[in-house]
Amino acid sequence: MNQDYEVIIGLEIHAELCTKTKIFCGCKNAFGAEVNTLCCPVCMGLPGTLPVLNKQVVDYAVKMGHALNCSINRVSKNDRKNYFYPDLPKAYQISQFDVPLCEHGYLDVLMDGDVRRIGITRIHIEEDAGKLIHDDSFDGTLADYNRCGVPLIEIVSEPDLRSAEEAKAYMETITNILLYLGISDAKMQEGSVRADVNVSVRSRGQKEFGTRTEMKNVNSFGAVYRAIQYEAQRQIEVVSGGGVIEQETRRWDDAKGKNYVLRTKEDAQDYRYFPDPDLLTFEISEAHVQELKASIPELPVAKALRYVKEYGLLPVDAQLLASNRARSEFFDSCVATGKCDKKLICNWMIGDIAKILNERRIEITDTALTKESLTDMIALIEKGTISNTAAKTVLDVIIEKDVSPAEVVEEKGLAQISDSDALLTLVDEVLAQNAKAVADYKGGKTNVVGFLVGQCMKASKGKGNPAILREMLLSAIDKL
Amino acid sequence: MEIDVRRIAKLAMLKLPEEQVEAFEKEFASIVAMVEHLPELESADTLLEPDNQMHLRADEIVPSYPRDAMLQNVPKAIAGCIVVPKTVE
Amino acid sequence: MELYRKTAAELSGLLRKKEVTACEILDDTLARIDAVEPRIDAFLSVTAEAARAKAREVDEKLAKGEAVGALAGIPVGIKDNICTKGLRTTCASKMLENFIPPYNATVVDKLNAADAVIPGKLNLDEFAMGGSCENSYFKPTKNPWDTERVPGGSSGGSAASVAACEVPLSLGSDTGGSVRCPAGLCGVVGLKPTYGAVSRFGLVAFASSLDQIGPFGRTVEDVALLFGAICGADLPHDATSKDYHFPGMDADLKGLRVGIPREYFGSGVSEENKAAVLKAVDMLRDAGAVPVEISLPSTDYALSAYYIISSAEASSNLARYDGVKYGYPGDRKGTLNDLYLSARSEGFGPEVKRRIMLGTYVLSSGYYDAYYKRAKMLQRMIAREFTDAFEKCDVIATPTTPSTAFKLGEKTSDPLEMYASDICTVTVNIAGLPGVSVPCGFDQKGLPIGMQLIGPKFSEAKLLGVAKHYETAVGGFAVKEL
């Protein structure tokens, strides 16, 4: 990227809320049902039908407002946004215009361990539109209205983001918070979190913003990054070539890695917002607002910072660990046992355990692992009873069923052999089989000792104590 | 007063044939003149009405309608979907 | 026995005494419809089959000695903008000519629960927009008192069918006077309830913040009977409905203060109409009421506010008719825009399009504050003036319409003149108040004149009580022989 220019980015993130029912009717809010089977006269906008607002949607939005440090508008309303499109059965979307539920907030995002504070303009509630199915084999478009009326919150950031990396980190943090709060499934691949990206560029040192474009259809973290990189580059090329940026809406095509104009300023829509006369003003009591606030758990960024400060974890590790609520809470409970080193717990959590969970696409709560079993296992490593290699075997067992690691060690004979006599025989055998390595060592390549330790561990089936083996190896070679 | 009736018709998604524009403009102007008979009033920031509030709904599932019932009035449907002319994306 | 002439209360008595059956009442109703419809044209559809099934069910219940609902066996006509499951609901529009709702309006469910019999759907101005019933895509309804004249609108079919004794009761809807005006012009009783008293679920929306379903009858008692059956909260379906229970009519008139707002007796209202209302107020005074002069100064602006708010809401409410999901299918060979434009331009009639255009304009960028927001501010002012007025009086009496029924075709060429016929009624919708129109005499041509009684929110008990007193004082309302 050309360093003479600064990129200014603002994100509008739409997140589907995981309420049981839709926002204005009792139809089930679910993904993947057969087309047009989660519909009723209300969400299909049949004549004479009326919307009734789902209280849970309001609660979820207020929770997000608290999480993003917003002020909550306790007295609010719904407005209609009018436009014609076949995915919008009423030809208006019920949204919020001038009195969003939450506004004037901020979100701290960790960038390489540093905190970047991003302003949150507003969060409002609205209904999702249906899905249009395009198929080249068919001369027309098919409409499925199952998604009509699925509740959304739209989170609008200030133009505070300055790079594609920051925008990606911001969106990841938002997604983590949605999951932390349990208010959205935040499944990108199902389209339950989507972003519109506003991008402008300006010369470094320039005060005023450049003209911005809005990009639609940005539907993954990777796409956020790529779309911004592309658009920023495009704008810089235009501006540095003496051209002018047009205020327009563009559509990102992630497969092609390109965007193109969807609407120019001249075609800008006139949405004719006005208060929805089918829905009156509603008020959330101060007590309820406080109740919702009290229900907000420690959030990922605060948690990561605490891990660094209190436990001395590396920022990158702390962030990784804190990004997942279930895993970090499990970690917290392990730490609370006080049985073993916090850093070791962290390493196991973001290392082997994370690997298993991600491979199996399950969560920590889906396993048999308990704070006792994991910390007991780590304590055994610390005491030198088992090696790291043996511990992996223990983990494989205790993740499947709730048994004590000591029993597993006993049953599988995994305890490290610290008995010198037994190990001496083993060391002699390894040295005899690896004459070349021994010669290399004597020739000055001292790092082959690691290889030899490994060979000994292998021969001991992982039970040898590597520290003791190392010493024995060195003294045995000296004697050769 | 000039009213761009073509723009309004476009927004309202109604045809306004060229030959009807002039007559409609005249009629429309007289209607607008009538509704312009309003006093100067102090305007509120928002149109909130805290004294007249609505009830909210509990998040409880009500069975959806059978698809056949939802599609019975649809002019054109294929494979459970509603058919519209190809949208340009 | 000429059952069709009887009131709902009388029919109910006969039925409970087993002197008639629900099927006999229905047969008589259908025969009467056959006899007078060619002259009146109040019905858009007669649903004899469904009605007979309900009448049989009522008769079976009675035969078995089971309890029946408050409207058992009583025929109730339904304005055709109120959804009836499995029965065509057209809104008198080409747009919905073949629309069959898969659901009932809440009021229809309530009528079914009260064991009423629904013999058919009644004509209206297309989407309830109009004051004469001439904006129906299908046919104009005629005024039973003079079939060359309009019945008023938009609930013209509902008013005319009751006035012509085709049904004892009917439901209409009132956005700016659409129950009260045709009641006044047809010489029957029509109630526009307090906003929120009756669920709007299933009433095809014209202007959501003003629409309210209301009953018609030939007597006040019948109107009260029907109102009692349809009112009440509908929280799962209508967020604007209120938990209201009708306790029955108030009986006492002593010391009742009747407000006479001078703005409703100005130059826009015919001398005959004014005189008839003032005479009716005199009769109330003789019965113990106290007339009080009051003023509602913002009335002058009410028509502007009404047409801005109602058209704005209509432009949005009627945007869903786009040829995609239901209704007139439009040109399906071209682009999406061709489909939209053809479905809407061919499916809607001229008055509907005019209001959509006006509503779109007043909401459009740059005009919202000047029109819509100002109109909403005025709405608050009008509501406040009423609240203040009700410190000085208990009910307000005005003419229902500025004149008696006009001739078919007389005002169709001038929309503004047609709009002006709502001048006495729109304020009541703007303020969300209840209003009832009762017959209060005739003009020299023998056409009925209506008096509108307005009360504070949820004062239907008092309002209907006053109306009932008046009805008793004049010895009942006249019924037109056909």
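The reply below goes through chain C, then turns to chains B and A.

Reply: This is a predicted model. Start with the make-up of chain C. The chain holds 15 helices and eleven strands. Its C-alpha trace spans about 65 × 55 × 45 Å along the principal axes. A compact globule of 482 residues would have a radius of gyration near 23 Å, and chain C, at 21 Å, agrees with that. Of those 482 residues, 67% count as buried.

Next, the surface and the charges. Chain C has an accessible surface of about 14600 Å², and carbon and sulfur atoms account for 51% of this area. The side chains include 53 positive and 59 negative ones. The centres of these two sets lie 2 Å apart.

Domain 1 covers 3-230. Domain 2 is written in two pieces, 258-300 and 371-459. Domain 3 takes 304-369. The centres of domain 1 and domain 3 of chain C, taken over C-alpha atoms, are separated by 28 Å. These two domains do touch: 19 residues of domain 1 of chain C are in contact with 20 residues of domain 3 of chain C.

Now the backbone. Most residues other than glycine have a negative phi, and most peptide bonds are trans.

One is a cis peptide bond between Gly153(C) and Ser154(C), with omega about 5 degrees. Ser154(C) sits in the loop between strand S3 (120-122) and helix H5 (156-163) of chain C.

Another is Asp115(C). Its phi is positive, about 65 degrees, although Asp115(C) is not a glycine. The residue lies in the loop between helix H4 (106-113) and S3 of chain C. Asp115(C) counts as buried because its relative accessibility is 2%, and the cut-off is under 20%.

Then comes Cys165(C). This residue is not a glycine either, and its phi is near 60 degrees, again a positive value. Cys165(C) is placed in the loop between H5 and strand S4 (169-174) of chain C. Cys165(C) has 2% relative accessibility, so this residue also counts as buried.

Chain B gives another picture. Its secondary structure amounts to three helices and two strands. From the N terminus on, the order is α-α-α-β-β. A compact globule of 89 residues would have a radius of gyration near 12 Å, but chain B has 23 Å. The C-alpha atoms fill a box of roughly 50 × 45 × 25 Å along the principal axes. Of the 89 residues of chain B, 40% count as buried. Chain B exposes about 5300 Å², with 51% supplied by carbon and sulfur atoms. Its charges number 9 positive and 17 negative, and their mean positions are 15 Å apart.

Tyr260(A) belongs to strand S14 (residues 258-264) of chain A. Its relative accessible area is 33%, so Tyr260(A) is partly exposed. The C-alpha atoms of Tyr260(A) and Gly149(A) are separated by 29 Å, and the two residues are 111 apart along the chain.

Note on methods:
Residues are numbered from 1 along each chain as its sequence is written. Chains are lettered from A and ligands numbered from 1 in the order in which they are written. This is a predicted model: local features need pLDDT of at least 70, side-chain atom pairs count only at pLDDT 80 or more; totals for chains, interfaces and linings use all residues. Side-chain values use heavy atoms; hydrogens and water are left out. Helices (H or I, at least four residues) and strands (E, at least two) are DSSP runs, numbered from the N terminus. The radius of gyration is taken over C-alpha atoms; the globule rule is 2.2 Å times the number of residues to the power 0.38. Buried means under 20% relative accessible area, exposed over 50%, partly exposed in between (1.4 Å probe, protein chains only). Accessible areas come from the Shrake-Rupley method with a 1.4 Å probe; for residues, only the protein chains shown count as cover. Lys and Arg count as positive and Asp and Glu as negative; His and the chain ends are not counted. The place of a charge is taken as NZ of Lys, CZ of Arg, CG of Asp or CD of Glu. Domain bounds come from an automatic or database domain assignment. Contact means heavy atoms within 4.5 Å.
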